[in-house]
Structure formats: structure tokens, C-alpha cells
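Notebook open. Today I look up charged side chains and how they pair.

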Amino acid sequence: MTPVGRRTVIGAAGAAAAAAAAGPGATAAAAAADTAPAGPPPPRGLRLPELWAHDPFIVAHRRHGHYFLYLRNRPEATGIPGTGTLLYRSRDLVTWQGPWSVFTVPDGAWAADGGWAPEVHHHAGKWYLFLTLHDEEQTLAEPPDVLIRTYRRGTSVAVADSPYGPFRLLDPGRPHTPDTFMSLDGTLFVEDGEPWLVYAHEWIQRLDGTMEAIRLRPDLSGTTGEPVHLFRASGAPWLETRLATDEAALPPYVTDGPQLFRSRTGDLLMLWSTYLGPAGTQGYVQTQARSRSGTLAGPWDLLPVLVGDNAGHGMPFRTFEGTLMLVLHRPFGSPDSRAKLYELHDAGDRFTLGRRRKDLDGGD
């Protein structure tokens, strides 16, 4: 286990001081300019082994020459209160400055727990934060009507004028994913000018987890139409496809972390994660899929595992020098999870894995 580190806690104090010193007027001005909020800056010189990172998401902000790393806040480690999203920035992917608190779930929102899988997209002149929230007190169904108790969980979308936030929920009263679904890990994909929310429909509710999509309104304020089924976890060629009827014996047919990518040949690829192996022995893996039609509707072919060793929930990005990279987390779970970096090759009809960049992520 790598300790969270003293500087992470100090970073919380720096972020809080910065927020207090900036005030609403300064924050608005900073947001408009895509610059960090005014006030005492948070610590510099942090390395990735010091940062707990589950479901890491990196934005390469070329205009300002920074990489932005978005992570879920863990108050017990950072000292920053509330469920929300933190931002760290770097010019070289080696040393990082932060955290800035860019979003906290407001009072009265439909759920206040989770904050999983935060990711930020620039779309139509705004910055949009996608993150998964849940409320275990809001039961959807319970045995004997279902095999496993289900409760309210879904992806919400928030908006800001700046990558530094502050982000505000577009709909505090409900998730963007269907309200009766137990879903997570929503991401933005734009096809033929139309925005879509692609998300994982939980195996807990489906038993055989699925990947689905639903059309978004142009301003991303909500969804329209019905969900479109893309594929199910048991379709992966390396998995045993028999579904158990006993919760204790149920294989983990998980769908996690969809990320869409248009390859150099025009193929539509998706990074996604699942579990490999029989119940009790499985490890988290990073895998991929390809749409035969080149469109979101598919049909989708599920391709072999890209990264094993209990690692996954990856996303692709390009460095300022043009190198395609993969960031994911290893291992699965707290408090040991850290961001790991690989070079990634666009082979047209699939991704192939390049070298591990221990020089950037600090090694295992």
C-alpha cells in the first residue's frame, strides 16, 4: 500500500483557502478565463503514487498546456468535506498540483453518495461533468422479487464555464440515466452532431450487465427517447455464459467504464471493463469492443482483454506531443488504487497496448 501522503492533506487545506479567498465574483471571472481560481494555490510537486485514483480521467487542455486529472474526492484522505470531484493539473504528467475542489453535491440533490467515475468533456462551449451518484436508502426492488436488492443509482451531469468549475447539476432532482435503472459510469459521445449518454446498466439489476445509450438534449440538460441496447457482458468470448440462479454463485457479469474512440480507419472502438474468471477468483480487466457498423447502434464485437492484473476503467487521451495514451487504475479498490499510464496504439480495428510508462506513473 502506498500511503496517501501528508501533501495530499495539505492540498485540501490549500484548496479550501483558495475557495474562501476567491469569493463568487473572483470565481466567476476565473471560470470565464479558464484559469485557476484566485487565492493561495494548492501544493505542487505531487506524484501519482501519492494520489488515490479510482476511475481516473485526464483532459489534455492544449490551449493552456496543462493535463487535468479528475478524481473522486475521499474526504477521509483529503480533508475536503462532501461527495464531489477534485482536479489536479500537470504540464508533464510527472508532477502534479492540486487539489482544486470543482464540484460538491449540493444539499437537496436526489442522491449524496458515490461521486464515482467523474469525467469532464468540453462540448458546445461549456464544460460538462459526468459522475455517478447513489442513495442506498431509496430501494428500487428487493428479494424475493429480485435476486439482489437494488437501489437508486445513476449518472448525473453538471455544467460549468471552466474546467476548474464550479460545476452545478443540470437536474438536481434525478439522474440523467433512466430513473428506474441501476446504472453507472455514464460518458458523452457525439454522433453525427447528436450527443448521447453511454452508460453501464448494472449487473446487480440485470444479472448480465449491459452497455446502453440514450440520446441527450442539445444542451445536455436531459435525455430524449428510449435507451438503446449495445451489448451484454456475457457476450465476451472469454467468459462462461451460464447464468447462475443463486446470488452466492453468480458470476460477475459486469459492464463498467465505457469510453468511445474513433480510430484512424474510421472504426468505432469502445474501452470498457469487466471481471475475468469464476466467482471468488476474478480480477478486474481492461478490455475493448468494436462496432461492426461503425455507429453507436452496432452490432458490437467484444474483443480480447487489453490489460489484466486487476486493472481497468481506462480512458484514452493524446499527449501534447501526439502520443496516444491510456490511463487506468490498479488495483481495484481502496485505499491502494493508483493511476497507471500506458502508451496505446491505434491499430484501426482495435487498440494494441504499448509500453508501460513507469517513468510517468511512478511504477508499482
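Is aspartate 359 buried, partly exposed or exposed? I looked it up: aspartate 359 is partly exposed, at 42% relative accessibility. The cut-offs I use are under 20% relative accessible area for buried, over 50% for exposed, and partly exposed in between (1.4 Å probe, protein chains only).

A note on the source. I am working with a predicted model, where local features need pLDDT of at least 70, side-chain atom pairs count only at pLDDT 80 or more, and totals for chains, interfaces and linings use all residues. Residues are numbered from 1 along each chain as its sequence is written, and side-chain values use heavy atoms, without hydrogens and water.

Next entry: salt bridges. I count one when a side-chain nitrogen of Lys or Arg is within 4 Å of a carboxyl oxygen of Asp or Glu. The structure has 16 of them.

Aspartate 359 pairs with arginine 357 at 2.7 Å, N to O. Arginine 357 is buried, at 14%.

I then checked arginine 356. Its side chain meets aspartate 361 in a salt bridge, 2.7 Å from N to O. Arginine 356 is buried at 18%, and aspartate 361 is buried at 1%.

Last pair: arginine 232 and aspartate 208 form a salt bridge at 3.8 Å, N to O. Arginine 232 sits in strand E12 (residues 223-232) and aspartate 208 in the loop between helix H3 (203-206) and strand E11 (210-216), so the pair ties together parts 24 residues apart in sequence. Helices (H or I, at least four residues) and strands (E, at least two) are DSSP runs, numbered from the N terminus. Arginine 232 is partly exposed at 34%, while aspartate 208 is buried at 5%.
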